[in-house]
Amino acid sequence: MEKVLLNDENSLPALGFGTYQATEEEGTRAVQMALDNGYRLIDSAAKYENEVAVGKGIKKSEVDRSEIIVTTKLWRDQLGYKTAKAAFETSLQKLNLEYIDLYLIHWPANEKNYDNWQQTNADTWRALEELQEDGKIRSIGVSNFWPEHLDALFQTARVKPAVNQIEFHPGYWQPELTQFCQEHGIVIEAWSPLGKGEVLDHAVLTEIAKNHQKSAAQVCLRWIMQHGAIPIPKSTSPKRIQENIDVFDFELSNEEMAQIDVLPQMGFSGELPNHWPDKV
Ligand code: A2P
């Protein structure tokens, strides 16, 4: 699979596999199936309560650990220096691994929830930097950070985030944030790349899909990759797990890209980094 180079010289596959809360058995089977179908980037999070399942799926697959990029994330109730370090160890144990390839701050501390959100994010980041220095994490990054959170982090960070994982799909793709990150050498990963499946019936997507003899889901993933971002679609269905990685044999034209760029808002999660724990 094509690779995307990170600012720390590591690289990520151009497409990954998303996981979420599922029964342990279902989660394990999905991860094993994804790996056996060629996915090499597996995304999980403490919040998804699936790290045990993900770890088991990795062990059950035929793929060597060194070929797999394992991601997990620090949940927002664990922000802070000491709590971040402890939460990381818990994740490592649950995944039953020696190291994590990519560890992300899941949501930034924000103005609404913290008296000194800048300090909380800076302290959390320092913990991640130290864990990276200790060799326990290969790459460190963030998720759901807006420019205001990144600019504040840059004030004290010794290591620049390698990745910002954000909501990014047709109907909600945060182009200004994407440009900001790309200008700073931060790779975008796209969560909910299919807009929870809610965007797939839109006529613009189904029409473009028909022209390429592909599905609307494959068009979404291709559009994200052609924007230089890494989609991480989730699925527990064997057919759709295969379908979602079969996106390297066609290309969208500039016109098709532009048509998708301007689709009206749809599939939006309602989650915003400056607003949690409430949705908008
Ligand atoms: P399923 O697990 O039954 O495949 P997102 O990653 O944007 O949050 O979307 C995930 C949702 O999209 C899941 O409900 C998943 O259901 C569904 N999904 C995943 N891949 C496809 C696909 N290729 N076509 C249609 N729906 C899909």
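**Notebook: ligand site, cores and loops**

I began at the ligand, where one of its oxygen atoms is 3.2 Å from a polar backbone atom of Gly-195. I note at the outset that this is a predicted model, so every distance below is computed from predicted coordinates.

I then checked the cover, and the protein takes up 80% of the 560 Å² of accessible area that the ligand has on its own. I listed 15 residues around the ligand, of which Leu-194, Lys-234, Ser-235, Arg-240 and Asn-244 come nearest.

*Cores.* I turned next to the largest nonpolar core, which has 74 residues, and the ones with the most contacts inside it are Phe-17, Tyr-103, Phe-168, Leu-205, Trp-223, Leu-252 and Ile-260. Helix H8, residues 216-226, gives the largest share of this core with 8 residues. Apart from this core I found another one of 11 residues, and Leu-12, Leu-104, Ala-162 and Val-187 are among them. I followed Phe-17 through its contacts beyond four places in sequence, and these include Ala-30, Val-31, Tyr-39 and Leu-41, as well as Ile-232, Pro-233 and Ile-241.

*Helix H7.* Which residues of helix H7 are buried? In this helix, residues 203-212, I found Leu-205, Ile-208 and Ala-209 to be buried. Seen down the axis of H7, the buried residues fall within an arc of 105°, so they line one face of the helix. I looked at what this face meets, and the buried residues of H7 pack against H8 and helix H10, residues 254-261. On the face turned away from the buried side I noted the exposed residues Ala-203, Lys-210 and Asn-211.

Just after H7, Gln-213 takes a positive phi of about 50°. Lys-196, in the loop between strand S9 (187-191) and H7, has a positive phi of about 60°. Asn-96 likewise has a positive phi of about 60° although it is not a glycine, and its place is in the loop between helix H3 (81-95) and strand S6 (100-105). Asn-96 is exposed, with a relative accessible area of 52%.

*Two glutamines.* Is Gln-174 buried or exposed? I found it in the loop between strand S8 (163-167) and helix H6 (175-183), and at 15% relative accessibility Gln-174 counts as buried, because the cut-off for buried is under 20%. The side chain of Gln-174 reaches the backbone oxygen of Glu-167 at 2.9 Å, and beyond four places in sequence Gln-174 touches Trp-146, Ile-166 and Glu-167.

Gln-226, by contrast, is found in helix H8 and counts as partly exposed at 26% relative accessibility. I noted that beyond four places in sequence Gln-226 touches Glu-251, Leu-252 and Met-257. Gln-226 and Asn-254 are 28 residues apart in sequence, and their C-alpha atoms are 9.8 Å apart in space.

Definitions and conventions. Residues are numbered from 1 along each chain as its sequence is written. This is a predicted model: local features need pLDDT of at least 70, side-chain atom pairs count only at pLDDT 80 or more; totals for chains, interfaces and linings use all residues. Side-chain values use heavy atoms; hydrogens and water are left out. A nonpolar core is a set of buried Ala, Val, Leu, Ile, Met, Phe, Trp, Tyr and Cys residues joined through side-chain atoms within 4.5 Å. Buried means under 20% relative accessible area, exposed over 50%, partly exposed in between (1.4 Å probe, protein chains only). Helices (H or I, at least four residues) and strands (E, at least two) are DSSP runs, numbered from the N terminus. Contact means heavy atoms within 4.5 Å. A residue is near a molecule or strand if one of its heavy atoms lies within 4 Å of it. A polar contact is a pair of N or O atoms within 3.5 Å; within protein, one must be able to donate a hydrogen and the other to accept it, and residues adjacent in sequence count only if both atoms are side-chain atoms. Accessible areas come from the Shrake-Rupley method with a 1.4 Å probe; for residues, only the protein chains shown count as cover. The arc is that of the directions from the helix axis to the C-beta atoms.
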